[in-house]
Amino acid sequence: MSVTATRAGARRPLAFDLQAYLESCSERINQALDRFLPKETVRPATIHRAMRYSLFAGGKRLRPALCLAAAAACGGDEDQAMPLACAVECIHTYSLVHDDLPAMDNDDFRRGKPTNHKVFGEGIAVLAGDALLTQAFEIVAQARTWPRYPTQALLLEIARAAGSRQLIAGQVADLEAEGKKISAEQLKYIHERKTSALLCCATRLGGMSANSTPAQLRALTGFGYQVGLAFQIIDDILDITQTTEQLGKTAGKDPAAQKATYPAIVGLEKSKKIAQQLTRRAFAALKIFKGKAAALEALANYLLVRDR
Ligand code: GRG
């Protein structure tokens, strides 16, 4: 990762040390997750070991970092955003554990390590995913709130993003599209749900933790949506341009499974251009924060230029 992020499509470099920001976010997020999760010794130890195995396997922590950065853009307090950031990471990790199962993508390798079912068996991996999903709601239910954003609003936000109209809808459409020729519009439907919904939820929850105004929340929604779409296009590009070692997960899976991706439908160069355009739109959404969204800008740029 480059230390100084460069604004997408512009010449002016951002004076923001993203590497230091992400390292320090990851450390605090890991400490908080460790506090929220049952210890490995809590009975039944197997499930808690399995949950922790995937949660602490070395993910990039991009969603929780986006949540914390969104809270900061709204002048919020990190302690108030942290439970919500951790809840989003629990949901994300659950989705990866289930996505890797033989009944889904059947993957052996994730976050640079053997997948959960390879270590704990399929039954425990299903349950570890279920338990991480449930854990997320337990964490959100304990988060501090504002009159504008009571517990009910926070729970609704995360339930909708993870539910059968968003995250799961994306996964269903993705499964059903395998081996079929689909249009760029159908692919966008998949990306919006499978990937963008949770990134958008992360930025919105960050704003809610900071008692954001309706206009700020709208800006974070637009930003999260655009970076979410750009993120998945880059993920598709990396699948065909990087190695398994670089990615920490099996490379080249999309063409092997005849998956519909942007590079497959519109080509590599046009895919890069679309991701750049989405990132520019994401930057535009941040205008309302008048320079207080440096971390969000740097993260959006990193999602575009990342190599893993
Ligand atoms: C309910 C059985 C059942 C399964 C649900 C919803 C779901 C399975 C899977 C979600 C689909 C999915 C894996 C979407 C891809 C999103 C994506 C590109 C994830 C990788 O994110 P990174 O690169 O990963 O941030 P790290 O490991 O760094 O956190």
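In the predicted model, an N or O atom in the side chain of R63 lies 2.8 Å from an oxygen atom of the ligand, a polar contact being a pair of N or O atoms within 3.5 Å; within protein, one atom must be able to donate a hydrogen and the other to accept it, and residues adjacent in sequence count only if both atoms are side-chain atoms. For R111, the corresponding distance from a side-chain N or O atom to an oxygen atom of the ligand is 2.7 Å. A polar side-chain atom of K60 is likewise placed 2.7 Å from a ligand oxygen atom. The protein buries 89% of the 750 Å² that the ligand exposes when taken alone (Shrake-Rupley method, 1.4 Å probe; for residues, only the protein chains shown count as cover).

Two or more residues of the shell are given by each of α4 (78–99), α8 (167–177), α9 (184–209) and α10 (214–241), and α4 supplies the largest share, six residues. In total, 19 residues surround the ligand, with K60, R63, H92, R111 and Q171 the closest (a heavy atom within 4 Å). The shell comprises six nonpolar, seven polar and six charged residues; Ala, Val, Leu, Ile, Met, Phe, Trp, Tyr, Cys and Pro count as nonpolar, Asp, Glu, Lys and Arg as charged, and the others, Gly among them, as polar.

The chain contains 15 helices and four strands (DSSP runs numbered from the N terminus: H or I, at least four residues; E, at least two).

Most residues other than glycine have a negative phi, and most peptide bonds are trans. R43 and P44 are joined by a cis peptide bond with omega about -10 degrees, and P44 is found in the loop between α1 (18–36) and α2 (45–55). N106, in the loop between α4 and β3 (109–110), has a positive phi near 50 degrees.

Residues are numbered from 1 along each chain as its sequence is written, and side-chain values use heavy atoms, without hydrogens and water. In this predicted model, local features need pLDDT of at least 70 and side-chain atom pairs count only at pLDDT 80 or more, whereas totals for chains, interfaces and linings use all residues.
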